[in-house]
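Here's a quick tour of some side-chain pairings. Have the model open as you read.

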Amino acid sequence: MRSDRGGEGSYPRPLILVSRCLGFDRCRYDGAAIPAPFLERLSRFADCVTACPEMEIGLGVPRQPIRLVTAGGDEVRLVQPSSGLDLTERMEAFCRERAGNLGAVDGAVLKARSPSCGVSDTAIHAGADSSAILRRGPGLFGRAVLEAMEGRPVIDEGGLIDPGLRERFLVQVFTLARLRSAEDACRASGSASPLVSFHSSAGLLLAAADREAGRMLGGIVDEGGSPDALLPRYRRGLVRALAGPLRTGPCADSLTHAFVCFKERLAADEKALFLDSLEEFGSGRASMGPCRALIQSWMVRFPTPYLDDQIFLNPFPRALEGFEDSAGDGGR
Ligand code: SF4
């Protein structure tokens with residue numbers, strides 16, 4: 001049972017790759033950094049490793065802007081129009097080295113629209129000297145990270161402003177950090193029992209995220225055997241199960257499942273308050289925060305060990321909930 005529900009001390013720390021200009025260094029082409037107050041707060045609860053691909057291939061600060069240009073078909077080149085330099089090979093070598101060695105990273109937050117770090121929305125120009133944008137796509141490092149992460153969450157700072165996308169990212173990275181902790185314990189003990197405990201605590205979350213995947217993961221755990229055989233399959237399945245959005249209906253079902261644990265001990269107006277909040281959530285007029293808060297308050301009043309451990313009810317530290325962030329500057 002966790003003693004500090006939602007508090008700072010009760011969560012394994014996710015390891016997150018971050019574009020360095022997002023509040024960590026003044027490394028942009030114009031010598032600026034992007035204010036990123038949410039990342040600043042997140043770094044109290046997570047370990048951030050940073051990368052600035054343009055600095056790390058030897059471009060200084062300040063530097064002349066670079067851009068992606070089409071080279072026909074799907075091929076893109078990274079060029080610096082002012083100098084005529086083609087930086088593609090240098091950047092691709094850096095990407096192979098860096099993205100190929102991400103190790104235990106649980107998620108990544110990259111700078112939107114950058115020709116290096118962009119995740120999906122970087123302009124691809126018709127030519128080095130043309131302002132015409134033919135299409136949009138990931139930057140070179142962004143693409144390499146997306147491939148190397150194999151389904152682990154990658155988001156840009158614009159995505160973190162959206163409450164739904166931010167919550168999903170936080171659920172993913174904190175859950176994957178808990179899995180890493182269970183994996184370490186399995187390897188240290190030679191026993192699968194930490195994975196069994198993890199799977200039990202992920203029950204309501206998996207029911208909300210992907211019930212079929214939850215059953216498949218349960219089958220892997222039930223097989224037993226050596227952790228070395230179980231862990232890679234379990235991890236692949238969990239990453240896939242968490243990749244989609246948390247849908248309202250299954251989340252409401254998981255909340256109701258928790259509510260039922262207390263139902264007989266609640267006053268009529270408490271039950272009515274929960275059901276009203278659930279109805280607001282189900283109809284899209286409110287987040288699931290109020291329902292979760294009510295259940296958490298009942299968990300304090302009526303200790304329920306099964307629920308205490310459920311990731312779904314305490315997915316990440318409370319200090320990261322409801323954050324209003326004005327980050328994002330509209331530039332690259
Ligand atoms: S977007 Fe990426 S390459 Fe550009 S300054 Fe930021 S970290 Fe460096």
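Arginine 285 pairs up with glutamate 280 in a salt bridge, their closest N and O atoms 3.3 Å apart; the term takes a side-chain nitrogen of Lys or Arg within 4 Å of a carboxyl oxygen of Asp or Glu. Arginine 285 counts as exposed at 52% relative accessibility, while glutamate 280, at 33%, is partly exposed. The cut-offs there: buried is under 20% relative accessible area, exposed over 50%, partly exposed in between (1.4 Å probe, protein chains only).

Keep in mind that this is a predicted model, where local features need pLDDT of at least 70 and side-chain atom pairs pLDDT 80 or more, though totals for chains, interfaces and linings use all residues. Numbering runs from 1 along each chain as its sequence is written, and side-chain values use heavy atoms, leaving out hydrogens and water.

The salt-bridge count comes to 17. Here are three of them:

| Salt bridge | Closest N to O |
|---|---|
| Glutamate 157 and lysine 111 | 3.0 Å |
| Arginine 285 and glutamate 280 | 3.3 Å |

Glutamate 157 and lysine 111 are both buried. Glutamate 157 sits in the loop between strand 9 (154-156) and helix 5, and lysine 111 in the loop between strand 6 and strand 7 (122-125), so their pair ties together parts 46 residues apart in sequence. Helices (H or I, at least four residues) and strands (E, at least two) are DSSP runs, numbered from the N terminus. Glu75, Arg77, Asp86 and Glu89 are linked in a salt-bridge network.

What about the rings? Nine aromatic pairs turn up, counting Phe, Tyr and Trp (its six-membered ring) with centres within 6.5 Å; planes under 30 degrees apart are stacked, over 60 edge-to-face, the rest tilted. Tyrosine 11 and phenylalanine 174 have centres 6.1 Å apart and planes at 85 degrees, so they're edge-to-face. Both are buried. Phenylalanine 259 and tryptophan 298 make a tilted pair, 6.0 Å centre to centre with 45 degrees between the planes. Those two also belong to a cluster of ring pairs with Phe262, Phe274 and Phe302.

Where does aspartate 106 lie? You'll find aspartate 106 in the loop between helix 3 (88-99) and strand 6 (107-110), buried at 1% relative accessible area. Its side chain makes a 2.7 Å polar contact with that of arginine 180; such a contact is a pair of N or O atoms within 3.5 Å, and within protein one must be able to donate a hydrogen and the other to accept it, with sequence-adjacent residues counting only if both atoms are side-chain atoms.
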